Amino acid sequence: MEPDILGVFHEALLGNYPLLSDSTEHTCIVLNTSLSREEAAERYHICRGRLLCVPALEIAMAEKSRINMVMLGAIVAVLGFVPIEMAEELCRNTVGKKYPHLIEANLNGLHRGFEHIKEQRPLIC
């Protein structure tokens with residue numbers, strides 16, 4: 001299977017599993033890391049695809065949101081055809097039903113992940 005988008009929620013997965021083995025030059029890799037794109041490509045031997053990095057854990061901790069929401073925002077930004085409002089609705093309908101007091105924090109995390117990706121250009125590996 002050749003993924004169009006590969007979301008890597010934890011850097012350690014790149015060292016323990018062959019996540020990148022099926023990626024192609026067209027695969028967009030969204031990596032949760034505080035490293036720059038160049039540092040991440042070198043450290044994890046990412047030699048194909050388009051690499052985007054988002055410090056999802058740092059954002060989640062700062063916003064007191066779930067890391068999943070930050071990564072969701074980042075992936076929505078990469079997709080380009082899913083409106084952010086649809087992701088907001090998903091957040092309200094999932095997190096909001098079980099933890100209504102956490103909606104705002106998670107919406108903030110979602111938006112920060114989205115904006116972080118929108119502000120950068122992918123590193124072509």
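A: Two strands pair if DSSP finds at least two bridges between them. The strands themselves are DSSP runs of E with at least two residues, while helices are runs of H or I with at least four, and both are numbered from the N terminus. Please keep in mind that this is a predicted model, in which local features need pLDDT of at least 70 and side-chain atom pairs count only at pLDDT 80 or more, whereas totals for chains, interfaces and linings use all residues. Residues are numbered from 1 along each chain as its sequence is written, and side-chain values use heavy atoms, with hydrogens and water left out.

The sheet is open and has 4 strands in the order β1-β2-β3-β4, with mixed pairing. β1 (5-8) and β4 (123-124) are the edge strands; each has a single partner, so one side of each has no neighbour in the sheet. β1 runs parallel to β2, and 4 bridges join them. Along this pair, I5 stands opposite C28 in β2, and G7 faces V30 in β2. In a regular strand, side chains alternate between the two faces of the sheet. In β1, L6 and V8 form the covered face, while I5 and G7 form the uncovered one.

Leaving out residues up to four places away in sequence, V30 touches I5, L6, G7, V8, L52, V54, M71, A74, I75, V78 and I117, where contact means heavy atoms within 4.5 Å.

V30 also belongs to the largest nonpolar core, which has 23 residues; V30, V54, V70, V78, I84 and I117 have the most contacts inside it. Two or more residues each come from β2 (28-32), β3 (50-54), α3 (56-63), α4 (67-79), α5 (84-98) and α6 (103-118). The largest share, 7 residues, is that of α4. Another core of 13 residues lies apart from it, with L6, L31, L35 and L51 among its members. A nonpolar core is a set of buried Ala, Val, Leu, Ile, Met, Phe, Trp, Tyr and Cys residues joined through side-chain atoms within 4.5 Å. Buried means under 20% relative accessible area, exposed over 50%, and partly exposed in between (1.4 Å probe, protein chains only).

α3 shows how a helix takes part. A56, I59 and A60 of α3 are buried. Viewed down the axis of α3, its buried residues fall within an arc of 100 degrees, so they line one face of the helix; the arc is that of the directions from the helix axis to the C-beta atoms. These buried residues pack against β2, β3, α4 and α6. On the other side of α3, M61 and A62 are exposed.

Finally, α3 is linked to α6 by charge. E63 and R112 form a salt bridge, their closest N and O atoms 3.0 Å apart. Since E63 is in α3 and R112 in α6, the pair ties together parts that are 49 residues apart in sequence. A salt bridge here is a side-chain nitrogen of Lys or Arg within 4 Å of a carboxyl oxygen of Asp or Glu.
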